[in-house]
Structure formats: structure tokens, C-alpha cells
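Subject: Structure for you to look at

Hello,

Here is the structure I said I would pass on. Please open it and keep it beside this email while you read the notes below.

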Amino acid sequence: MRIAIIGAGAVGQALAQGWSTAGHTVKLGVPDPKAAKYQGLRPQPTTPAAAAADAEAIVLATPWPKTEAAIGGLGNLAGRIVIDCTNPLTRGAQGMSLEIGHSVSAGKRVAQWAKGASVFKTLNHTGADNMANAARFKVKPAMFVAGDDAAKKPAVLKLVSDLGFDAIDAGPLSNARLLEPLAMLWIDQVFARGRGRDFAFALVKRG
Ligand SMILES: NC(=O)c1ccc[n+]([C@@H]2O[C@H](COP(=O)([O-])OP(=O)(O)OC[C@H]3O[C@@H](n4cnc5c(N)ncnc54)[C@H](OP(=O)(O)O)[C@@H]3O)[C@@H](O)[C@H]2O)c1
């Protein structure tokens, strides 16, 4: 598949590595592709609009506060697959929380901004290192996928599965409000419980 990843930080680079290894064609889009930090990166980043132009799937790997502007730079997204990996996290006196609360989600906001796109929430509830190395776990790590477009969901589940995850349908996009707190749980384990970044959630069955 032709995949455009918008943002080439920890998540963008990990997904680019994982999907390139799986045989997909990946383009990275960043605001300033000529910036020193992107030189030598493979694939060499281009602008977000150029990356997205002929992509079959567009992946948002941008900081939450930059995500609306990033979507605005991608042109008409109607009918396109948009995969939202963002987490709307903020850190305050009470510790970490979801900037937009629990009744709405970043995934739903993305769907409002990316008018007419088929938006899927996934690849947000484990660490970037695990996205590039999902196939190296003894038990396949779980990766839930929430989205409303039943016709396009199998293609997204396949992309997630190609990274080495146990790709699991998590229902409609409104369930992004369940997946974003799940990311907080992962981050809390890492930063407040000292677990390290090399663990992931898995779905196991009795018997
Ligand atoms: N890190 C993790 O383990 C992890 C795991 C799951 C989900 N997430 C979520 O995934 C998202 C990305 O996280 P990250 O750790 O990869 O962040 P990061 O390392 O800070 O990278 C963010 C990337 O987005 C780019 N960017 C910023 N504004 C942009 C715009 N308007 N258009 C296009 N690209 C833009 C940045 O480019 P410049 O720096 O050149 O501006 C940078 O390449 C966040 O929402 C985060 O919460 C992170």
C-alpha cells in the first residue's frame, strides 16, 4: 500500500521502518523537510501535501496541538483513509490527563477536521519502539482499531497486522475515547511504575 506518514518523530519513523520492512511504500511528510534533523532519514521526508498526494492511507503522527494545522495542510481528504495515532495528553498539577476529557476524543476531533475522510484510531496505545518491533514479542501485542467505515476497516486492520500486531476491531470511531485512556495507562506504567518501554498489552483467551 502507498502510505503517507505525517510527522517523522518517534512514531513516524517507527511506522516507516515497520511498514517499509513489510513491503509497503512509505512517504514521510514534515513541515520543513530540509531541516538538519531529517537529513539522512529513510525515506527522506517531503512536505505533508506531497507525501499525502497519492497515498492510499494517511497516518497522523503529529503532536496533538499541531494536528489540526497538519490536517489543514493535506487538502481534500474526503473518501481517504486517515489513521490517527495521536494522544491528546497534557500534564498538570494532578499529573497526566486527556486535554479534551473523556466524553469526546482526539479521534472524533480528527474526523471533524478531516471532512469526509474515513478516520481510524489506532497505533496510539503502545510505545513507538514497539511499533517498529511488534513482531519480536513472544505473544503478539494487541492493537485495537476503532473506526466507522466497515468497508475500509479490513485494509487498516491488515496494515496494523503487517507491523506484527494482533489487530483487533474495537468498534466505531466513538470508541477512540476508550483507546486514548489506554495510552495513558501504558504511559503511566512506563513513567510512574518503572516498567520500561518494552512491554505491550495483549489479548489472551482462557482455555
Ligand atoms: N512517542 C510514542 O511512543 C507515542 C506512542 C503512541 C502515540 N504517540 C502519539 O503520536 C504523536 C506523535 O508522537 P511522537 O512521539 O512521534 O512526536 P515527535 O517525536 O514530537 O514527532 C512529531 C512529528 O510531527 C511533526 N509535525 C509537527 N507539526 C507538524 C505539521 N503541522 N505537519 C506535519 N508534521 C508536523 C514534527 O516535525 P518538526 O519537529 O520538524 O516540527 C515531528 O516530525 C503524538 O500525538 C503522540 O501523543 C506517541
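A residue counts as exposed when its relative accessible area is over 50%, and as buried when that area is under 20%. The model is predicted, so please read everything here as computed from it.

By that cut-off K37 is exposed, because its relative accessibility is 64%. K37 belongs to the loop that runs between β2 (25-29) and α2 (48-52). Its C-alpha is 9.9 Å from that of A8, although K37 and A8 are 29 residues apart in sequence.

K37 also matters for the next topic, the ligand: there are 28 residues around the ligand, and K37 is one of those that come nearest, together with V11, Y38, T62 and A128.

Which kinds of residue make up the shell around the ligand? There are 16 nonpolar, 9 polar and 3 charged ones.

- Y38: a polar side-chain atom is 2.6 Å from a ligand oxygen.
- V11: a backbone N or O atom is 2.8 Å from a ligand oxygen.
- N87: a backbone N or O atom is 3.4 Å from a ligand oxygen.

The ligand on its own exposes 900 Å², and the protein buries 76% of that area. As for its location, the ligand sits in the largest pocket. Two or more residues of the shell around the ligand come from each of α1 (10-21), α3 (64-72) and α5 (128-132). The largest share, 3 residues, is from α3.

Regards

How values were computed. Residues numbered from 1 in each chain as written. Predicted model: local features only at pLDDT ≥ 70, side-chain atom pairs only at ≥ 80, totals over all residues. Heavy atoms only, no water. Near = heavy atom within 4 Å. Polar contact = N/O pair within 3.5 Å; in protein donor to acceptor, adjacent residues only side chain to side chain. Areas by Shrake-Rupley, 256 points an atom, 1.4 Å probe, with all protein chains shown as cover. 1 Å grid on protein atoms, 1.4 Å probe; cavity = no way out; pocket = protein on both sides within 12 Å on 5 of 7 lines; lining within 4 Å. Sits in = over half its atoms within 2 Å of the grid points. Helix = DSSP H or I, 4+ residues; strand = E, 2+ residues; numbered from the N terminus. Nonpolar A, V, L, I, M, F, W, Y, C, P; charged D, E, K, R; others polar. Buried < 20%, exposed > 50% of the residue type's maximum accessible area, 1.4 Å probe, protein only.
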